[in-house]
Amino acid sequence: MAKFIFRVFLAVILLYLSDRVNGKAKFKDVEEKLKQLNKPAVKIIQSEDGDIIDCVEIYKQPAFDHPALRNHVIQMKPSFDLKEVKINSKNESSKLTVFQTWQKSGSCPEGTVSIRRIRREDLLRANSVQQFGRKPQEVVLKSNTTIEHKDGQSPFFNNTKFTMPTVVNRSAATLVTVGYNYIGAKADIHVWTPNVESEDEFTTAQIWLKAGPGDNFESLESGWMKDSYKTTGCFDLHCSGFVQTSSKVAFGGALEPVSTEFGQQYYINVDIFMDPNTNYWWLKIKEDLIIGYWPASTLLFYLNHSSTLVEWGGQVYSSNVKKKAHTKTGMGSGQFASGLRGNACYMDNIAIVDFSMQLKYPQWVGTWADEQYCYTALNYQEGYGTLPVFYFGGPGQNFNCP
């Protein structure tokens, strides 16, 4: 039986460095890859959901497999920290998720980081050992999609209409801001259990910070993901380069509890921000929990100064999007954005950080949905004096999305 899990994930996507490899993983290659991925543990935690968490000495984590980090000295916290403020006061009925299932079974000691162990069966499901732990390549078409502004008009920057790239095998519904230099973004992302139709598909709710032209961009991402047990992306610590500093979070570990329709709503808080003194991008979860950082030396150059585009929302990966028959993999809660609170997945307390070093709601935002009959996006203001709440999602295949 497929195991459905949530993943807190992170990624650095360098599209022009990605290669496609066909075929299934070979046993010999699997054994060698397991030795590379799974570092020696000083303590092992067996989670009730079947996961194994290895407590690895902090300087023996996978980050140090990266050539640029061989002599890296770990920075345990940023040189500054943004004061956490609630941008929107309408979230009082929601609760921060308990977080990760494995935490019920123990904790990792100081001086270690918690890492979800990769098992042989994980690798054997992969199309190739080389591609395991890498997000599938995004193939960008020449035709683009124009973002819809909140007043229904297409946005212009410097008298140029702004468009988003059309990506093969992806369907997204997002809130977008562009036109400035961003050094951070955050949101409270509500956690649901949408349907995932097949083992080579996944669905996410996340934040993207991007920089770079066309399909040669860099992207830092974090949020939750649901898949059918098959690991399909450059997520977690599978690709060296992210330096983990916390022993309290294991990337790829299951989240609980989750939101229920017209019941209690649960969320995770996700912050990504750059320390301007080091150009390290930090990941913070659960409002006051620093997880780690992407060092500037592991990026190329686009994100070494700032991000130029931020997105909040969901994405479905499938070879059966933008065609008939459409995948039944859901996004968000699996319900359309128009269902609003208690029915649709949403993000609130959305904010960006620019070089003023202040958390603020973006000056301009627009919504974008690749397939509006399959997955939708709605930035909805609930009342006077409050900021919009962003709703997104959908069931995939339905009467209007055959």
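A residue is called buried when its relative accessible area is under 20%, exposed when that area is over 50%, and partly exposed in between, as judged with a 1.4 Å probe on protein chains only. By this criterion Cys55 is buried, because its relative accessible area is 0%. The model is predicted, so local features need pLDDT of at least 70 and side-chain atom pairs count only at pLDDT 80 or more, while totals for chains, interfaces and linings use all residues. Residues are numbered from 1 along each chain as its sequence is written, and side-chain values use heavy atoms, with hydrogens and water left out.

A disulfide is a covalent bond between the sulfur atoms of two cysteines. A search of the whole structure finds two of them. In one, the sulfur atoms of Cys55 and Cys108 are 2.0 Å apart. The torsion about this S-S bond is about -80°, so the disulfide is left-handed. It links distant parts of the chain, 53 residues apart: Cys55 belongs to strand E3 (residues 52-57), and Cys108 to the loop between strand E5 (99-100) and strand E6 (112-116). Strands (E, at least two residues) and helices (H or I, at least four) are DSSP runs, numbered from the N terminus. Cys108 counts as buried because its relative accessibility is 8%.

The other disulfide joins Cys374 and Cys401, with sulfur atoms 1.9 Å apart. Its torsion of 90° about the S-S bond is right-handed. Cys374 lies in the loop between strand E24 (366-369) and strand E25 (376-380), and Cys401 in the segment after strand E26 (389-393), so the pair ties together parts that are 27 residues apart in sequence. Both Cys374 and Cys401 are buried.

The nonpolar cores come next; such a core is a set of buried Ala, Val, Leu, Ile, Met, Phe, Trp, Tyr and Cys residues joined through side-chain atoms within 4.5 Å. The largest has 66 residues, and those with the most contacts inside it are Ile189, Ile207, Trp224, Trp281, Leu283 and Trp312. Strand E22 (residues 345-353) provides the largest share of this core, six residues. Apart from it lies another core, of six residues, among them Ile53, Trp102, Cys108 and Ala250.

Thr329 is found in the loop between strand E21 (307-317) and E22. This residue is buried, because its relative accessible area is 0%. Leaving aside neighbours within four places in sequence, Thr329 is in contact (heavy atoms within 4.5 Å) with residues including Asn195, Glu197, Thr203, Val316, Tyr375 and Pro395.

Notes
A disulfide is a pair of cysteine sulfur atoms within 2.5 Å.
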